[in-house]
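Here is a friendly briefing on an interface between two protein chains. Have a look at the sequence and the 3D view, then read on.

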Amino acid sequence: MELPLLHLALVGTPNSGKTSLFNALTGSRQKVANYPGVTVERKEGFFVTPLGRQVSVVDLPGTYSLRGRSPDEEITRDFVLGKASGEILPDLVLCVADSTNLRLTIRLLLELKRTGRPMILVLNMFDIASRRGVSVDVNRLAKELGVPVVTSIAVRKGGTADLLALTDEISAKIPAEPSENTWRALSVAELRAAQREADRIIADCVSLPARPDTLTSRIDAVVLHPVGGLIVLAAILFVMFQAVFAWAQPLMELLQSGFDALGDFVHATLPAGLLQSFLQNGVISGVGSVIVFLPQIIIIFLFILLLEDFGYMARAAFLMDRIMGGAGLHGRAFIPLLSSFACAIPGIMATRVIDNKRDRLTTILIAPLMTCSARIPVYTLIISAFIPAKDIGGFINLQGLVMFGLYAAGITSALVVSFLIKFFMLRDYAPAPFMLELPDYKVPRLKSIAIGIYTRAKMFLQRAGTTIFSMMVLIWFLASFPQPPAGTTEPAIDFSLAAIIGKAIAPLLAPVGFNWQIAVALIPGMAAREVAVAALGTVYAIEGGKEAAEQIGQVLATKWSLATALSMLAWYIFAPQCASTLAVIRRETGSWTWMAVTFSYMLVLAYAASLLTYNVAVALGAG
Amino acid sequence: MRREMPLGLAQRGYTGVIQHLSAKDAGSALSDIELESRLIELGFVEGARVEVLHEGLVRRDPIAVRVDNITIAVRRREAMAIIVA
Ligand SMILES: Nc1nc2c(ncn2[C@@H]2O[C@H](COP(=O)(O)OP(=O)(O)OP(=O)(O)O)[C@@H](O)[C@H]2O)c(=O)[nH]1
Ligand SMILES: [Mg+2]
């Protein structure tokens with residue numbers, strides 16, 4: 001007889017290695033990083049045990065208790081208590097502990113026992129514990145707790161063998177009717193008693209080394225120094241934004257010449273006509289103009305992944321807490337905001353760790369102001385066309401500096417907006433507490449960084465192949481049809497739908513210095529910001545012929561004034577257009593209103609910033 | 001026997017043992033029960049050894065506290081509820 005699917009749930013304190021274990025068991029690639037609060041959603045995966053039992057395992061956000069204080073913790077609570085609608089209770093709960101730090105997990109486990117679900121205590125990160133000289137009397141611990149205990153090293157091959165064997169052994173004898181759920185929220189006295197009991201059990205079963213992790217304390221002496229720490233943080237961010245510009249250049253040029261060659265090849269082999277134009281102008285110069293930015297996007301992700309895996313993120317939140325507090329932001333908002341440099345969508349999701357509703361809302365509203373990687377193509381294109389690549393002081397690149405300035409402008413405006421929200425809307429605001437575990441540093445693991453980069457790069461290319469590609473087809477179509485009447489002397493594109501649409505909107509955008517080509521490019525930019533670059537590529541390619549297709553940057557330099565270019569940069573600091581971000585805001589706030597508010601305030605800011613930039617630039621003679 | 005004091009007033013380098021929690025003195029935005037629960041959930045219980053490892057820049061806030069063998073960042077306002085000696 002086929003046994004029914006066995007349902008496992010991974011529960012434990014934040015950062016104990018639940019997701020690492022989930023990935024090891026199921027072969028998935030869910031996000032793992034060294035700070036509390038990485039997982040904010042429920043994720044299900046499947047595997048087969050050595051004895052052939054089919055298993056479903058659910059990874060859950062970390063939590064210190066079942067009280068559910070923030071949206072992510074509520075997900076865990078509801079799942080464990082079977083409150084989520086249509087949810088089946090897990091057959092077996094894997095309570096995952098960081099073996100170097102058992103106190104909080106053992107207390108959580110005592111609380112979990114009241115739910116009546118069968119349970120295993122998984123002593124994860126056992127490699128680190130052994131290296132530090134922590135020794136655990138596993139048998140005794142199991143007896144004291146009344147649950148089976150197993151050690152595991154989630155990040156090492158074969159490190160979960162014992163757990164798999166134990167799962168088989170236990171699943172064979174899970175009673176059909178597990179004991180009753182007697183859980184209710186613990187009173188303070190019960191909590192205290194549970195922690196006492198946990199401490200007693202640990203004193204009996206675990207011997208701890210006298211010395212804490214000396215490496216962590218030595219690094220923290222510098223990194224958490226009140227002044228030195230902030231200098232280190234500023235330096236890291238500065239190098240990161242410089243690198244996006246400076247390091248990526250050679251690779252980007254390589255990709256660019258690859259696409260140029262491909263374009264030439266198509267041009268040479270196909271007869272002149274619609275197909276040639278579609279492939280060369282629509283596909284290759286459109287999609288290609290976005291794909292060349294892959295190196296930059298990889299660099300920004302590399303930096304963020306390294307910081308996350310090393311364990312720096314929680315420290316940065318600590319350093320920034322009071323400083324951001326001045327602008328009405330909570331320290332926990334730092335990590336979501338920093339991840340928004342990659343993309344605002346995971347950033348907005350990550351705000352689930354913020355328990356105070358108003359703090360969370362403020363963070364969601366300003367996350368799209370962080371310069372996400374989709375803006376990089378727009379910035380880079382314009383900067384390389386208009387800003388000379390001079391070195392300043394020998395090592396700082398002027399283009400990189402402008403890039404840094406744009407990032408800084410994004411951050412500054414986010415802080416200002418947040419300050420205004422606090423000032424006008426949330427007057428009666430008592431600061432919610434900031435409490436955050438600072439995990440020990442870990443050497444970033446090459447494999448997990450590589451996987452992280454690979455998944456991001458794949459996502460980017462997939463987007464280029466789907467969203468961006470289909471937008472390009474649309475743009476090419478609009479820019480090519482209707483075809484000009486025979487014998488006309490004006491450029492063909494002037495007769496196209498794109499020109500008609502663009503020229504209809506252009507008057508609205510004329511005060512900020514945008515021409516009709518930009519107006520057309522902004523519309524498909526709604527689907528994804530970088531499409532604007534691709535759209536400009538296609539429109540100018542069709543307008544200008546072969547030479548234009550190859551060097552969109554040079555074309556811009558001749559067609560736009562410096563004032564228009566700067567105005568476009570200012571626009572994109574705010575640029576409200578990203579449909580997926582708006583959809584996530586709507587989902588996470590549960591309200592159309594907040595989505596509309598975000599869209600409108602960013603649109604207003606974008607227009608105002610461009611208007612100001614353009615007019616100042618023109619007044620200074622850059623028109 | 002050292003004098004009792006709130007952890008919220010401790011300087012960097014201070015080491016001591018938690019005597020009791022007293023949420024009503026902290027003036028936190030949280031209710032007394034909620035604050036006390038959260039502190040206990042992070043391991044701040046009677047008898048735990050604490051050491052103030054680091055301080056922030058603005059008003060030396062927040063502080064990073066070693067509680068037995070983990071490090072927790074808290075603001076001084078909430079740390080006022082932790083009475084140490
Ligand atoms: N050396 C070692 N590192 C581990 C082990 N398990 C996890 N890690 C590391 O511990 C950190 C946290 O791992 P995660 O799997 O993200 O932890 P989590 O419990 O899912 O965290 P949250 O989702 O934030 O609750 C990562 O840096 C992992 O690489 C282990 O067994 N040994
Ligand atoms: Mg996780």
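Predicted model: local features only at pLDDT ≥ 70, side-chain atom pairs only at ≥ 80, totals over all residues.

Residues are numbered from 1 along each chain as its sequence is written, chains are lettered from A and ligands numbered from 1 in the order in which they are written, and side-chain values use heavy atoms, with hydrogens and water left out.

**Extent**
- Chain A brings 40 residues to the contact and chain B brings 40 residues, where contact means heavy atoms within 4.5 Å.
- Between them the chains bury about 3,500 Å², 58% of it on carbon and sulfur atoms; buried area is the accessible area (1.4 Å probe) that two parts lose on being put together, summed over both.

**Salt bridges**
- There are 10 salt bridges between chain A and chain B, each a side-chain nitrogen of Lys or Arg within 4 Å of a carboxyl oxygen of Asp or Glu.
- One salt bridge joins the side chains of Asp355(A) and Arg38(B), at 3.3 Å from N to O.

**Strand pairing**
- β11(A) pairs with β5 (residues 70-74) of chain B in the antiparallel sense, over 4 bridges.
- Strands are DSSP runs (E, at least two residues), numbered from the N terminus, and two of them pair if DSSP finds at least two bridges between them.
- Within β5(B), Val74(B) is the residue opposite Met435(A).
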